[in-house]
Amino acid sequence: LQDITERAQTEARLRRLSESLARGEQMARVGTYEWDAAADTLWWSDELYRIFGLDPGSVVPSHAFVLSHAHADDRAAIRQRVADGMREGTGWDLVYRIHDAAGATHVIREVAIVVAGQDGKPGRVYGSAQDITEQARLRERVEAQAQEVLSIITASPLPIVVIEENGTIVRANPATERAFGWSDAELRGGSVATLAANVSPAQHARYLSHYLATGESSTPEGLV
């Protein structure tokens, strides 16, 4: 009776663990897999099926199946990275696009490790695939906005410099070059205090520190 009770408790703990892992995968949009490369047999977690727009267990997954759903422009890179990772035993970390069962495009980040068999050759592959479509779209929007801001800065008739928090110049627009006589390349890496007339580097440093802390455009002493 005790053995039966212990076994039942163990099975209950395993079920809870499995359910918890499945919920975690679903929330993070991460699926996991195990691949026997030699036999090309592949096990997918339920969430990985969902990422491909499929019901769990509705198809027999394989590496060829994944490639058939990969974006045509990404297939060659996938083949090469997987081949290199298998040959060298290093696994892979790659980002590519897939088309799910409904035809929608998703951006996937796949990370895999290769485990050698008893003969020392690559045997099984354990990996995860995360749907990072939203992150990729957000990054594209941020990059587009940054490019728009850069275009505005470049076209501005007023001198504009982009600086780091310590005052180091990282970019100067053409109007700055015309106004001060230094090229963008010459100004980059230098201190913005160089462009501040009648203000010492120490005064400018106090101003910059005060501005970063408060957002106010002058020091308490009114030096700038």
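Me: Just after α4, which residue takes a positive phi?

Reply: You're looking at a predicted model, where local features need pLDDT of at least 70 and side-chain atom pairs count only at pLDDT 80 or more, while totals for chains, interfaces and linings use all residues. Residues are numbered from 1 along each chain as its sequence is written, and side-chain values use heavy atoms, without hydrogens or water. Helices here are DSSP runs (H or I, at least four residues) and strands are too (E, at least two), numbered from the N terminus. Phi is positive, about 70 degrees, just after α4, and the residue there is G89.

Me: How many Å does α4 reach from its first C-alpha to its last?

Reply: There are 14 residues in α4. The expected span of a helix is 1.5 Å times one less than its number of residues, and for α4 that comes to 20 Å. The reach in the model is close to that, at 20 Å.

Me: Is R79 buried, exposed or partly exposed?

Reply: R79 belongs to helix α4. Its C-alpha is separated by 8.3 Å from that of L67, 12 residues apart along the chain. With a relative accessible area of 46%, R79 counts as partly exposed.

Me: How far apart are the end C-alpha atoms of α5?

Reply: Helix α5 runs over residues 133-155, which makes 23 residues. At 1.5 Å a residue it should span 33 Å. The model agrees, with the end C-alpha atoms apart by 33 Å.

Me: What covers the buried residues of α5?

Reply: T133, A136 and I153 are the buried residues of α5. Their cover includes the strands β4 (105-116), β5 (122-131) and β6.

Me: What do the buried residues of α8 pack against?

Reply: In α8, the buried residues are H204, Y207, L208 and H210. They fall within an arc of 165 degrees seen down the axis, so they line one face of the helix. P201 and A213 are exposed on the other side of α8. The packing partner of the buried residues is β6 (161-163).

Me: Which residue follows α8?

Reply: Helix α8 takes in residues 201-214, and its end C-alpha atoms are 20 Å apart, in agreement with the 20 Å that its 14 residues should span. The residue that follows has a positive phi, near 80 degrees, and is G215.

Me: What is the relative accessible area of T176?

Reply: T176 lies in helix α6 (residues 174-180). Leaving aside neighbours within four places in sequence, T176 is in contact with P159, I160, V161, G181, L187 and L195. T176 is buried, and its relative accessible area is 1%.

Definitions and conventions. Buried means under 20% relative accessible area, exposed over 50%, partly exposed in between (1.4 Å probe, protein chains only). The arc is that of the directions from the helix axis to the C-beta atoms. Contact means heavy atoms within 4.5 Å.
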